[in-house]
Amino acid sequence: MNYGHITVPQAEVPVSSEVDVLVIGGGAAGIAAAISAAEGGASTMIVEQRGYLGGMGTVALVPAFCPYTDKVKPIIRGLGLKLMERMKQACDPEYQEEYREQLDWVPIDPEVLKRVYDSAVLESGVTPLFHTFVYDVVRSSDGQTIEGVMIVNKSGRSFIRCRYIIDCTGDGDIAALSGVPFQKGGDDGELQPGSMCYLLANVDRPSFSRFLAETGDTSQLHRTVEQAILEGALPEGRKSISGLAWVSDQLVGVNFGHVFGVDGTKAEDLTRGAIEGRRTVLRQLEFFRKYVPGFEQAHLVASGEQLGIRETRRIQGDYTLTVDDFVAARSFPDDIARNAYYIDIHLATSKSDMTFNHLPPGVSHGVPYRVMLPVGIRNLWVAGRSVSSDRAVQGSLRVMPNCFSMGQACGMAATLALRDGTDSRSISVPELQQRLLEQDVWLGENFASGAAERDREAGQAE
């Protein structure tokens, strides 16, 4: 409800920081962008509204990393793979032994991951600033360059001046504040539902495994959920528990159920969603205790600080990645990453269906640099689920491994722009690709073959 307006007096606001590269948002995309920029020699700051990094993997307790492979080989490499492997090495020995070789659906230990991210950004020379919101941007007189952002935190209001800025908010907040056009949700404005993820302790994994093994059928848990719905123990809706990620034999992360009608760009919706999500978790806990062997004594130790949000804004960029690009496994001259995660669009209401579209094993498509360049702004990149794509492809690109890849490319692009004193569209994309390859990013077999051929030609010329 609008209660009118007030006029706020003009005030001088102090400049609290001045950096080469400013990263807004401390999720997977932001972490990779900040590390990449700092390691490339740029003075870099990352601003995060919570008291820790990690985004959906820590804030929302999403229980596992989505796949890093195309079911044949790892295609998400570089910083994203290094950070996940670093989390593994920081976990308990039993965890390390079980998940040593696993690259898909690796369980997240959120407290370990927070510390890993802290260490990684500090080691690279990034300056983190937590507990801070960006509430406005300041643009140049022609509107095409962002000069910095207005922030607010416990220290008060201040201004951060920057030469380049990377929007890793997940919602395209900085792009939207800068006037970049965007789309949100489907044709009728519907958005994928959120999920309140959580951690259960005092569970018995061996007992649960025996329950599944007794039927010899992996759909047993699905049938148990259907039975609980019929008996009124669970509401109508999602009939599968898509995420049980075992951190240990006594601790499991859970992604189960939906909260509908939440727009992640509105505080009022996030508030309602958090309250409804916690109520949903209680109902699910009662279901687990009653219906699922091994969970009789389950204890809820944590629920997400907020709902896991799957979809909000998609910015308008220099290129829009489409479902045709996905299905055709298309490559582009300016590829900076590969993606093989399936199109995963969750039902907008409890009565609708979920959409899944898989690429064949061993197949991936390219992610072009241009999807991260918002129209009309020269020194801004967008990385993560709000890049320029249609709704179907957003349902695939949105997951954490892809966000790492896009963030790493943006951070490196910013260092090239800084070195040459140019803008986001004037950097050498071939040089960006070569530098990504040097940091173990995978850009596809055809690109690798082409690079090898170019190296041979260069050697013959010498």
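Is Arg205 buried or exposed? Arg205 is buried, at a relative accessible area of 17%. Here, buried means under 20% relative accessible area, exposed means over 50%, and partly exposed lies in between (1.4 Å probe, protein chains only). Some notes on this and other spots follow.

1. **Ground rules.** This is a predicted model, in which local features need pLDDT of at least 70 and side-chain atom pairs count only at pLDDT 80 or more, while totals for chains, interfaces and linings use all residues. Residues are numbered from 1 along each chain as its sequence is written, and side-chain values use heavy atoms, with hydrogens and water left out.

2. **Salt bridges overall.** Side chains of opposite charge can pair when their charged atoms come close. A salt bridge is taken here as a side-chain nitrogen of Lys or Arg within 4 Å of a carboxyl oxygen of Asp or Glu. By this rule there are 25 salt bridges. One network of them links Arg419, Asp420, Glu431 and Arg435.

3. **Arg205 and its partner.** Arg205 forms a salt bridge with Glu98, and their closest N and O atoms are 2.7 Å apart. The pair links distant parts of the chain, with Glu98 in helix H3 (residues 93-99) and Arg205 in helix H6 (residues 205-215), 107 residues apart. Helices (H or I, at least four residues) and strands (E, at least two) are DSSP runs, numbered from the N terminus. Whereas Arg205 is buried, Glu98 is partly exposed, with a relative accessible area of 40%.

4. **Glu123 with Arg86.** These two side chains also meet in a salt bridge, at 2.7 Å from N to O. Glu123 sits in helix H4 (residues 110-124) and Arg86 in helix H2 (residues 78-90), so the pair ties together parts that are 37 residues apart in sequence. Glu123 is exposed, at 57% relative accessible area, and Arg86 is partly exposed, at 30%.

5. **A buried pair.** Please also look at Arg338 and Asp335, whose side chains meet in a salt bridge of 3.3 Å, N to O. Arg338 is buried, with a relative accessible area of 7%. Asp335 is buried too, with a value of 2%.

6. **Lys88.** This residue of helix H2 is buried, with a relative accessible area of 2%. Contact means heavy atoms within 4.5 Å. Leaving aside neighbours within four places in sequence, Lys88 is in contact with Tyr95, Gln96, Tyr99, Arg100, Glu101, Gln102, Leu103 and Val106.

7. **H1 against H11.** Two packed helices are described by the angle between their axes and the distance between the axes. Axes are lines fitted to C-alpha atoms, for helices over the stretch in contact, and angles run from 0 to 180 degrees between N-to-C directions. For helix H1 (residues 28-39) and helix H11 (residues 400-420), the axes come within 7 Å and cross at roughly 30°. That makes H1 roughly parallel to H11; angles under 35 degrees count as roughly parallel, over 145 as roughly antiparallel, 65 to 115 as roughly perpendicular and the rest as oblique. The H1 side of the contact includes Ala28, Ala29 and Ser36, and the H11 side includes Phe404, Gly407 and Gly411. The residues of this contact divide into nine nonpolar, five polar and no charged. For these classes, Ala, Val, Leu, Ile, Met, Phe, Trp, Tyr, Cys and Pro count as nonpolar, Asp, Glu, Lys and Arg as charged, and the others, Gly among them, as polar.

8. **H6 against H7.** The axes of H6 and helix H7 (residues 220-230) come within 9 Å and cross at roughly 100°. That makes H6 roughly perpendicular to H7. Phe208, Phe211, Leu212 and Thr215 in H6 meet Gln220, Leu221, Arg223 and Thr224 in H7. By class, this contact has four nonpolar, three polar and one charged residues.

9. **Two backbone angles to check.** Leu61 is not a glycine, yet has a positive phi of about 55°. Leu61 is found in the loop between strand E2 (44-47) and strand E3 (64-65) and is buried, at 11% relative accessibility. Lys71, also not a glycine, has a positive phi of about 75°. Lys71 is placed in the loop between E3 and H2 and is exposed, with a relative accessible area of 58%.
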